[in-house]
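Subject: Structure handover

Hi,

Here's the structure I promised to pass on to you. Have it open while you read, and then follow along with my notes below.

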Amino acid sequence: LFGKGNVFKAGTIGTIQDRIAYGYVKTYQEEEGEGVSKWEVERLVQGCSGIKRTTGQHPGGIIIVPEGHNIHEFCPVQHPANDSNSEVVTTHFDYHSIDKNLLKLDLLGHDVPSQIRHLQDMTGVDPLSFSMSDPAVLKIFRGTESLNIKERKYRFTHGTYGIPEFGTEFVRRMLDDTMPENFADLVRISGFSHGTDVWNNNARELIKQGIATMRDAISTRDDIMNYLIMKGLPKEDAFSIMERVRKGRGVTLSEEEALKKKGVKEWYIESLKKIKYVFPRAHAVAYVMMSYRIAWYKVYYPLAFYAAFFTTKKDFFNLSLINEKPSLVFDKITELLGKGKAMTDKEANEITVLEVMYEMMSRGYEFEKPDLGKSHPTRFMVADQKVLVSLAAIPGVGEAAARLLKEEYENSPYKSVDEIRTRGKLNSTAISALRELSCLDGIPESDQLTLFDMQTCI
């Protein structure tokens, strides 16, 4: 649309996070012995945090240069991760240094619509066809009753693992505090969770102290305007206050006086002052509708739900645990959590997947190991009442390699492990993983007959 010289990916700068810095410093401390005090460790962690680690690209940020202008009038450009062979060219300055001069488009991808489509394809059930107030589905936002857990020593108390927007530790705690009863409550929780200083140090304390209920507290920006209009404030003034608050500017003294005259309570005004950003209700409704639909499949088509979830998280899927007991999966979660600040981003993502794996196994469902003939290249599927692992979940196999592996098999089934290496272009890591899972049992190592094989044939 705009021409090659006018479109660039938005560049990012990856910095060292606190927990990574902590790992660096702990290693240094171990090497130096007792000479490093705990205060020195803290000082070094703070000194390392925020240092540039690498450059990258925003997942959806696109910078548009006006026609007749050159990007170098505004900022330098570079290749992400300083890889001069990369075809991607990114801006180099922080966007806020150039946002007054250049347009940025956010063309973000979203896993959830793809996940819902995958669920529809596997089950044949239209996600628009079922009720948004199913009692069994609503129960998973309050506990595990609808999941029919079989594991006698099950350790989790929440039913929302793997549900977008509601599966994080932060929102799970919010569910404990609010115990939602209907769809509208879920929308309010979505507003709380996406705002800044809307829940923590604000609505949560008001609810816990009994000053306000979940339905009284500010959740979305629409709540502010509608409430103030209801209290008799002119619509223009109500809108103006909503806009100030949602941008984190609070209320002016004159606005505060006007609110008091209309009978707005002190706690509500203080709540307005604390907010730094508040979510629009339409966004919250859209998010919750998608999350609820996925929750419906989790209750009524659990195998399809787990297959769709693991498809979106295959890069962090631990293939070595698929044949283990639920208790061992839980032990692995505990082990990773025990690393604390030293935990890497990859390990944090792995915990998210392990939590859902533990729940699935505790419900009595099983995995089917990868099969070169049956497995989909990139999607987990349901086969023989089990979740069939995708080829791309094999360690060392990316999506492109998985597609080639499947394509070659469909052209002609592999006759030996050597053929899998050469035609399928699998590396030693992937071959070892397949071997450990007994996926290569019965397949000879080579097409060449040994003298022993010839004697056996004779």
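What is the mean pLDDT of the chain, and what share of its residues reach 70 or more? This is a predicted model, and its chain has a mean pLDDT of 90, with 97% of the residues at 70 or more.

Helix α13 (residues 302-312) has the highest mean pLDDT among the elements of the chain, at 97, while helix α19 (residues 451-457) has the lowest, at 46. Over residues 454-458, pLDDT stays under 50. For that stretch the model has one contact beyond four places in sequence. Please keep this in mind when you look there: where pLDDT is low, the predicted coordinates should not be read in detail.

Now for the strands. A quick reminder before you look: strands of a sheet pair through backbone hydrogen bonds, either parallel or antiparallel.

Strand β1 (residues 7-15) pairs with β2 in the antiparallel sense, over eight bridges.

Strand β8 (residues 386-388) runs parallel to β6, and two bridges join them.

Let's take α3 and α12 together. Helix α3 (residues 111-123) packs against α12 at an angle of about 30°, and their axes are 10 Å apart. Angles under 35 degrees count as roughly parallel, so α3 and α12 are roughly parallel to each other. α3 passes α12 in a left-handed crossing. From α3, the residues V112, P113, Q115, I116, L119, Q120 and T123 meet M290, R293, I294 and Y297 of α12. Sorted by type, the residues of this contact between α3 and α12 are seven nonpolar, three polar and one charged.

α12 (residues 281-300) has another partner in α13: their axes come within 5 Å and cross at roughly 130°. α12 and α13 are therefore oblique to each other. On the α12 side, I294, Y297, K298, V299 and Y300 make the contact, and on the α13 side P302, F305 and Y306 do. The contact of α12 with α13 has seven nonpolar residues, no polar ones and one charged.

How do helices α5 and α6 pack, and at what angle? Helix α5 (residues 169-178) and helix α6 (residues 183-194) pack at about 135°, with axes 11 Å apart. That angle makes α5 oblique to α6. The crossing of α5 past α6 is right-handed. F170, V171, M174, L175 and T178 from α5 meet I189, F192 and S193 from α6. Six of the residues in the contact of α5 with α6 are nonpolar, two are polar and none is charged.

Cheers

Technical notes:
Residues numbered from 1 in each chain as written. Predicted model: local features only at pLDDT ≥ 70, side-chain atom pairs only at ≥ 80, totals over all residues. Heavy atoms only, no water. Axes fitted to C-alpha atoms, helices over the stretch in contact; angles between N-to-C directions. Helix = DSSP H or I, 4+ residues; strand = E, 2+ residues; numbered from the N terminus. Parallel < 35°, antiparallel > 145°, perpendicular 65-115°, else oblique. Left-handed = near helix turned anticlockwise from the far one by under 90°. Contact = heavy atoms within 4.5 Å. Nonpolar A, V, L, I, M, F, W, Y, C, P; charged D, E, K, R; others polar. Pairing = 2+ DSSP bridges. pLDDT = per-residue confidence, 0-100.
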